[in-house]
Amino acid sequence: MEPPAAAERTAANTEPTRGSERAGHAGHAEPSRGSERDAEHAESPESPESPGSPGSPESSGVGRRKLLAYLVAAPTLTVAVRVGADAWAPEAVAATPEAAALPDVLPDLGDVLILAAAPTAHMLTLELGEDGTARFGLPRAEVGQGLTTAVAMLISDELDLPLDRVKVRLDDARPELLFNQLTGSSNSIRALHRPVRAAAAAARARLIATAARRWGTDAADLTTREGAVHAPDGRTLDYGALAARAAAPRTTEAPEVTLKPAADQRVVGRPTGRIDARAIVTGRQEYALDLDVPGAKPAMVRRPPTVNGTVAEVHNAAAVRGMPGVLDVVEIPTGVAVVAETFGQALAGKDALSVDWGPGTVDALSHDDIKAELRKAAPDFLPPLLVKHIDAEYDFAPVSHAPLETNSAVADVRDDRATVWTAAQSPIAARAAVAKAIGLPASRVDFHVVQAGGSFGRRLFYDAAVEAAQVSKAAGRPVRLMWSRVDDMRHGRMRPPTHHKLRVTHTRGGTPLSLQHRTASVETDTGHGIGDALTAGLTELPAGNETFAQTMFRLSMRSPYDLGATAQTLTELPLKLHTGSWRSVYSGTARAAEEMFLDEVAEKLGADPVEFRRARLRTAAQRAVLDAATRDWGRELPAGCAQGVGFHEEYKSRVAYLVELDARDPKEPRVTRAVIAVDVGRAVNPRGVEAQMLGGLTDGIATALRAGLHFDKGLPLEGSYSQFHYARQKDSPRDVTVHVIESGAEPGGVGELGVPAAVAAVGNAYARATGTRARSFPILFDVDFEPFPR
C-alpha cells in the first residue's frame with residue numbers, strides 16, 4: 001500500500017473522514033497495514049454546512065442532475081458533492097431533486113436497492129495527496145468482480161489522472177451509510193457511477209480554480225491531463241503541487257462542476273486489466289487470513305453431523321487441550337472450536353474431539369424428500385378451456401457457492417471493544433451481528449472489510465465473523481478462524497433447490513396467448529441486510545399485498561417476450577436449510593427454465609427457436625443482442641453435436657448466449673464453442689464485462705451438467721471440489737467470442753446477468769444433440785464418490 005498522504009491534501013468528500021476513534025484504542029491488535037489506513041482516515045473538522053443545506057451554492061454544470069460542491073474545512077479540502085435524486089432513481093421515475101413520481105411499472109431489484117441507498121449515495125471520500133495520488137474509500141466489497149478497477153477508471157477519467165495514481169481501498173463498516181454499503185444485485189456501478197464521477201469532477205474543478213488564482217488567469221482557459229493543470233502558454237502544475245494550496249480556506253464558493261460526456265472519456269470504455277491482477281497472480285494480495293494481526297492464533301470449528309445441529313456434550317476437551325500446539329478448546333453455538341499454534345494442529349484437535357450432538361432442523365430429509373415436497377408446493381394447472389396448451393416441469397438441485405477462499409475471519413475481542421477483519425458484502429449488518437453475539441454495543445466493534453477470494457453471494461453472510469468473535473471472546477485471545485473446505489460445502493450457504501411448472505396456451509394457429517410459470521423453492525434466507533434495504537426502497541413504490549419473498553421474486557423476474565398474458569409466481573417451502581442468494585438469485589433457475597421451455601414451445605409449434613424468440617422480443621436493443629450472438633445459428637455440425645441458445649434481460653442489461661455442445665458420448669458432454677453478445681449500456685471496463693460473461697458461461701456449464709449438492713439425512717454429501725463437480729479447465733470451450741455492444745445508455749448490471757442464459761443455452765444444446773429434453777438439473781448427477789465422514 002502507498003505511504004499515507006501528507007497532512008495537507010485535496011479531498012472530494014461529503015463528510016468528515018473517520019478512523020481516529022479506532023486508532024485511539026491502546027492495546028488493541030491491529031494488522032500491519034492499520035497505521036496506513038488510520039493515517040488516510042485522519043479526522044477532519046465538522047462542516048459548517050451539511051450537503052444540500054440552505055445556502056449551499058449550486059452549479060448547473062450537470063444540467064438536470066443538480067450537483068452541490070463547496071469547501072468545508074482546511075487543511076484538508078472537503079468538497080461536499082451531492083447529485084440530485086434523479087441520478088439514482090430508476091429510469092422509469094420522472095424524478096426531480098424535490099420529489100419523484102411513482103413509476104408505472106415496478107422497477108427491478110437493483111433499482112429498489114439504489115433507491116434505498118440514495119439518501120447516503122453522496123457520502124464518498126476521495127482524497128488527493130501532495131504525492132499526486134488519489135485515494136478513494138469504496139463502500140462496497142471487492143469479491144473478484146473487478147469493481148475496484150472500474151471505480152478507479154471512473155476516477156482516473158473524470159480527474160484526468162493516470163490510472164496507476166488512483167488507489168481504491170475498501171471502506172470499513174460505516175453505519176451512517178445505512179443501505180449504501182451493500183454489495184449485491186449487480187447494482188454497484190449503477191449506484192456509484194454518477195456519485196464517483198461527481199466527486200472526482202469536484203476535486204478537478206477545485207484544482208483548476210487554485211491554479212487559476214496562482215497564475216492570475218481565467219479558469220476557463222485552463223485544461224487538465226495526466227495529473228496536471230495546463231495553461232495555454234505552456235505552464236503546468238502537477239496536482240500534487242496544488243494539493244496543499246487547494247486545501248486552503250480561501251472561499252466557500254464552489255467552482256462550476258461538469259461531468260465529461262462519453263465522447264471525451266479516454267479511460268472509461270477501454271478494455272483495461274485489473275489493478276489488482278499482479279498482486280493476485282503473485283500471491284501478494286491480502287485476504288483475511290493474510291493479515292498481520294499480532295497474537296492471532298489459528299482456530300477451526302468441529303461442526304454437527306446435520307444442518308443446524310447443536311452441541312450436547314464434549315467428552316474429551318481436556319485431552320484435546322493436551323495435544324501438541326493446542327491452546328484452547330471452547331464451545332460456541334455452532335460447534336466446538338480448537339485454537340492452536342498452527343492450522344494443522346487446530347485441524348488435528350478438531351478431528352480428535354468426541355462430541356454428542358443435538359438434533360438439527362432437517363435431520364429426516366434427503367434429496368428426494370425435498371424434491372417431492374417442492375413438486376407438491378407448486379400448484380398444478382387446471383385444464384384450459386377453448387385453447388391448446390404446452391406444459392413442462394423442471395427441477396434444479398441445490399448448489400454450493402464454492403468460492404476459492406473458504407469462509408474465514410480474524411477477530412480480537414477484549415472486555416470493552418472488538419475488532420474484526422473479514423470479507424463482507426453487508427458489513428453494517430455483520431458488525432451489528434458480531435456486536436450482538438458478544439454482548440457489546442455496535443459502536444464498540446470495529447469492522448474492517450477485506451478483499452474476498454470469490455463470493456457469488458456467499459459473503460452476504462457473516463457467520464465466520466460472528467464465530468471468530470465468539471471464539472476470541474471465549475479464548476481470551478485474538479484468533480484467525482478458517483472453515484475447512486468440507487465445512488464450507490456442507491455447512492455453508494447454498495442456492496435453494498427449486499421446482500418449476502410452466503404452461504403456454506396458444507391458438508390453433510400457434511399464436512401464444514399466455515405464459516404461466518409457477519416456481520416452488522426452499523425459502524431463501526435474506527437475513528443479511530437486503531431485506532431491510534428492500535423494505536426501505538419499496539416505501540414509495542407499489543408492491544401490493546405480496547410477501548417479502550414474492551416481492552423480491554417479482555423484482556428480479558420479468559419475461560422479455562410478448563407471449564400474451566404472463567404470470568410468474570413463487571411459493572416458498574419453509575425448510576430451515578442454509579440457503580442464500582447465489583449468483584442470479586431467482587432468475588438463475590427460473591429464467592433458465594423459461595428459456596428452455598421456450599425451445600420446447602417453438603419445437604411443438606414448428607418454429608425455429610431463434611426466430612421464435614426474435615419475433616417476440618419487445619425492443620430493438622434485445623433483438624440486436626440476439627442477432628449478434630446468433631449470426632451463424634444453424635451451421636452444420638456432426639451428428640451428436642448441436643447448438644443451443646439462451647437470452648436474458650435484467651438490471652437494465654441484456655445478454656444472449658449461443659453454445660455448441662458435443663454429446664456424442666451423452667455421459668461426457670462438453671461445450672466446445674460459445675458466442676456471447678451483451679449490452680450493459682455504457683461498459684465502464686469492457687474487459688471486465690467480458691470476464692463476467694465468461695464466468696456466467698462457466699457457471700452455466702457447471703450447474704446445467706454436473707454441479708449440485710445431494711442432500712442426505714440432514715446434510716449435503718459433497719465435501720470438496722472432487723465431489724462437487726464444478727466445471728474444470730477441460731470443460732471450458734477453447735473457442736469463445738464475446739461481443740460487448742455499446743448502446744450509449746447509463747451503465748447496467750453485469751455480475752449476475754449471464755447465468756440464466758448460459759444455463760438455458762447448455763440445456764437447449766444438450767436436448768438438440770441427444771434428442772432428450774432434460775427435466776432435472778444438473779443433468780449428470782450421480783453420487784460417484786465416497787462421502788467424507790460426518
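Reader: What covers the buried residues of α11?
Author: This is a predicted model, in which local features need pLDDT of at least 70, side-chain atom pairs count only at pLDDT 80 or more, and totals for chains, interfaces and linings use all residues. Residues are numbered from 1 along each chain as its sequence is written, and side-chain values use heavy atoms, with hydrogens and water left out. Helices (H or I, at least four residues) and strands (E, at least two) are DSSP runs, numbered from the N terminus. With contact meaning heavy atoms within 4.5 Å, the cover of α11 includes β19 (408-413), β20 (418-422), β21 (445-449) and α12 (463-475).

Reader: How far apart are the end C-alpha atoms of α11?
Author: Helix α11 has twelve residues, 427-438. The expected span is 1.5 Å times one less than the number of residues. That gives 16 Å, which agrees with the distance between the end C-alpha atoms, 16 Å.

Reader: Seen down the axis of α11, within what arc do its buried residues fall?
Author: Buried means under 20% relative accessible area, exposed over 50%, and partly exposed in between (1.4 Å probe, protein chains only). In α11 the buried residues are Pro427, Ala430, Arg431, Val434, Ala435 and Ile438. Taking directions from the helix axis to the C-beta atoms, these residues line one face of α11, because they fall within an arc of 135 degrees.

Reader: Which residue just after α11 takes a positive phi?
Author: The place to look is directly past the end of the helix. There phi is about 75 degrees, and the residue is Gly439.

Reader: Which strands stand at the edges of the open sheet of seven strands?
Author: Two strands pair if DSSP finds at least two bridges between them. The order is β14-β15-β12-β22-β19-β20-β21, with mixed pairing. An edge strand has a single partner, so one side of it is left without a neighbour in the sheet; this holds for β14 and β21.

Reader: On the faces of β20, which residues are buried?
Author: In a regular strand the side chains alternate between the two faces of the sheet. β20 is mostly covered, with five of its five residues buried. One side has Ala418, Val420 and Thr422, and the other has Thr419 and Trp421.

Reader: What is the handedness of the crossover from β20 to β21?
Author: β20 and β21 pair in the parallel sense over five bridges, and Thr422 stands opposite Val449 in β21. The chain passes from β20 through α11 to β21. A crossover is right-handed if, with the strands pointing away from the viewer, the path from the first strand over the helix to the second runs clockwise; this β-α-β crossover is right-handed.

Reader: Is Val330 buried or exposed?
Author: Val330 is found in strand β14 (residues 326-332). Leaving aside neighbours within four places in sequence, Val330 is in contact with Gly335, Val336, Ala337, Val471, Ala474 and Ala475. Its relative accessible area is 8%, so Val330 is buried.
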